[in-house]
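Subject: Structure for your review

Dear colleague,

Please find below the structure that I am handing over to you. I would be grateful if you could read the findings that follow alongside it.

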There are 4 protein chains.
Amino acid sequence: MKTKDIILATAKEMISQVGFHRATTSNLAKTANISEGTIYRHFESKEDILLHILAALEEQFSYFIESVRQKLDKDQCTLEMIMVDYFAFVEENEVDVKIMLSTYGLLDSSKRLMAIFLKNLELILQDCIKLGIKKGNVKDVPVEENATVVMTIIFGLTRLHLYWPNETDVRTEAIEFCRRSLLK
Amino acid sequence: MKTKDIILATAKEMISQVGFHRATTSNLAKTANISEGTIYRHFESKEDILLHILAALEEQFSYFIESVRQKLDKDQCTLEMIMVDYFAFVEENEVDVKIMLSTYGLLDSSKRLMAIFLKNLELILQDCIKLGIKKGNVKDVPVEENATVVMTIIFGLTRLHLYWPNETDVRTEAIEFCRRSLLK
Amino acid sequence: MKTKDIILATAKEMISQVGFHRATTSNLAKTANISEGTIYRHFESKEDILLHILAALEEQFSYFIESVRQKLDKDQCTLEMIMVDYFAFVEENEVDVKIMLSTYGLLDSSKRLMAIFLKNLELILQDCIKLGIKKGNVKDVPVEENATVVMTIIFGLTRLHLYWPNETDVRTEAIEFCRRSLLK
Amino acid sequence: MKTKDIILATAKEMISQVGFHRATTSNLAKTANISEGTIYRHFESKEDILLHILAALEEQFSYFIESVRQKLDKDQCTLEMIMVDYFAFVEENEVDVKIMLSTYGLLDSSKRLMAIFLKNLELILQDCIKLGIKKGNVKDVPVEENATVVMTIIFGLTRLHLYWPNETDVRTEAIEFCRRSLLK
DNA sequence: AATGAATGAGGTTTCATTCAT
DNA sequence: GATGAATGAAACCTCATTCAT
């Protein structure tokens, strides 16, 4: 692993555990077994590290959205599937997502990415609901509002899963919950 | 307004806007038009200010829970009512709730309070669902899991409301969403 | 007891226990059950309190010296008596002496008083030894040097007594020690 | 000289001259021509600097005690020799000893070290007096008490030498004083 | 590329002192 | 005389960043 990636990996772990402000460059260097100066060979600033983490997450998310879009285009998309896929996406990017969630109240760049998450998921869900209605599977409910509600469920469960791992996992039951509410 | 309350009010505003770490005592003093030393006449430490804010919120929340419990005992409680009441509670304690949400990843005392929020709301929702099932209004669904799902919706909407005020308000539609899913 | 005396008494206790710097005006006021402002009605500054304590001790010491001088003038003075009397003087002014000992490395006024202690005791001891030699009771030793030695014994024992109260008390044996060394 | 040693040397000088509390990190940095932050690269806290100074002194003292013990074991030890050697030891560690003397009323670690000084010197003196009595050179006096008296003389002279350098040096005469008192 | 000592701005906190009541 | 809130300078300490090696 290259030094830059070691720094990124270590920073991810630290920031997700203690938060951005308590993840000091000094600690980061110690934990990563490098010198503090080295950090600045690879990143312009401490915030720059976070930007790299967020950029990588943004890329992963765009892949995820793209794959869902493709399924949508092939008529193979259901609400259930989106939820299952998103939960899988979070599982694979657990640390990164946690960082985004813990910093979007503090940093503009993080808030920007979170907005992208919101908007894209909302749009996908809208399209999926629209499709369902057209197909006759989904009840005739207001599309935008219900997409937003499903989104809050998805994000709420994500947060519960990441920050309260001792709570029983209700992701499957949540899908049932939505099915009952939306499917005919 | 007494100095202590000025400090508290100013701190609330600052912390909710820029987060706990960026709300420095120096800035706080300047904004509140007092000297830094004065802060320490009224609070033991910067963290102590936060503890006071959280303690006040905890008290407000306990009142809220109590009032819901009373309605439950009188059989006047519906899921819809809990959601409406909680949204009203958040509206009245907007800044405080936002502070809790932005600090529970960083501070134990804040996480403790958030856990109280989770646990109490979950229990109330469970009791309410149980009651509904007994009365025959609510479908025969797994109680605990569905209470948790409703709770994630409630908290998710709260967060959406506080951090993304430009999003259209779907709280009413969310209630409909739950009715469709749970009511017979 | 007047407020001024309450302050002095409380300050003595505090300074002798935790030292001048750790005896804060805030603590002093709390312990004395008065307000911080009141301190400054009676004393110009925190150091001024110390000066009053030292001045009182200086006065007591001058009484002590005077009484010894009178005995000397009446030919009723022995080394033994000076030692016994000084130990009694310390016993009566324990706290004050301890304060002087703990501050003379830090404060000029305190060092000045300590110099007075040294000089006066030295002179008295010199005169006493001279008298003893003249009378034929004391060996013919260098007066000044031996007075200084006896003085270091006296001050050393005082310090031992005040700071290491668990050490066995050797003040009586110390007198024997000096008798063996100086008396014929 | 390395930065750490510069800091230590400067701190020694400052603390011995103005005391621990008045030796501020700000002043220390200015005097040592470094920034305040640098101090904390080399020491954990201001007190940590003092602990290093005391630890070094403790080590030197243990060497001193060991060397005296060796002489004792070889029967080459006299009270006179212990006094001369200790005075030499103080001469070589003047500043450090002064720091210990000025802080043992304030700091536990310093008081601990002073207790070590007391105890070790007392024990050595006791053994030396015992040996002298057995050999027939020393009068048959109570061992412990007389050891303590000699110790107070030694420490008293040390203090006189360090804090009152203008007083005439009576260390040689003090040895005579003890010889007259203890030797047959 | 890497190091790690040094920096200095700025953080939290303390405390002797003042002043309106 | 007394109060105690307020002050502000200065204390100790942290930490992102720089720089000579």
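The helices named in this message are DSSP runs of type H or I, at least four residues in length, and they are numbered from the N terminus. Please note also that this is a predicted model.

I begin with the DNA. In total, 28 residues surround DNA strand F, and the closest are Thr25(A), Thr3(B), Arg41(B), Thr25(D) and Tyr40(D). Of the atoms of DNA strand F that come within 4 Å of the protein, 60% belong to sugar and phosphate. By class, the surface near DNA strand F comprises 18 polar, 6 charged and 4 nonpolar residues.

A polar side-chain atom of Arg41(C) is 3.0 Å from a base nitrogen of DNA strand F. Gly37(C) places a backbone N or O atom 3.3 Å from a base nitrogen of DNA strand F. For Ser35(C), a polar backbone atom lies 3.3 Å from a phosphate oxygen of DNA strand F.

I turn next to the interface of chain C and chain D. The contact takes 39 residues from chain C and 40 residues from chain D. About 3,500 Å² is buried between these two chains, and carbon and sulfur atoms give 65% of that area. In chain C, the residues that lose the most area to chain D are Trp164(C), Phe177(C) and Arg180(C), together 19% of what that side buries.

Across this interface there are 13 residue pairs in polar contact and 2 salt bridges. One of the salt bridges joins the side chains of Glu167(C) and Lys119(D), at 3.9 Å from N to O. On the side of chain C that touches chain D, two or more residues come from each of helix 7 (108-135), helix 8 (143-163) and helix 9 (171-182) of chain C. Helix 8 of chain C gives the most, with 13 residues. That side of chain C divides into 21 nonpolar, 10 charged and 8 polar residues.

Finally, how are chain A and chain B related? A rotation of 179° with 0.0 Å of shift along its axis superposes chain A on chain B, with an RMSD of 0.3 Å. The two copies are therefore related as by a two-fold rotation axis. Within chain A, Ser181(A) comes closest to the rotation axis, its C-alpha being at 2.1 Å.

A colleague

Methods. Residues are numbered from 1 along each chain as its sequence is written. Chains are lettered from A and ligands numbered from 1 in the order in which they are written. This is a predicted model: local features need pLDDT of at least 70, side-chain atom pairs count only at pLDDT 80 or more; totals for chains, interfaces and linings use all residues. Side-chain values use heavy atoms; hydrogens and water are left out. Copies are superposed by least squares on the C-alpha atoms of residues with pLDDT of at least 70 in both. Contact means heavy atoms within 4.5 Å. Buried area is the accessible area (1.4 Å probe) that two parts lose on being put together, summed over both. A salt bridge is a side-chain nitrogen of Lys or Arg within 4 Å of a carboxyl oxygen of Asp or Glu. A polar contact is a pair of N or O atoms within 3.5 Å; within protein, one must be able to donate a hydrogen and the other to accept it, and residues adjacent in sequence count only if both atoms are side-chain atoms. Ala, Val, Leu, Ile, Met, Phe, Trp, Tyr, Cys and Pro count as nonpolar, Asp, Glu, Lys and Arg as charged, and the others, Gly among them, as polar. A residue is near a molecule or strand if one of its heavy atoms lies within 4 Å of it.
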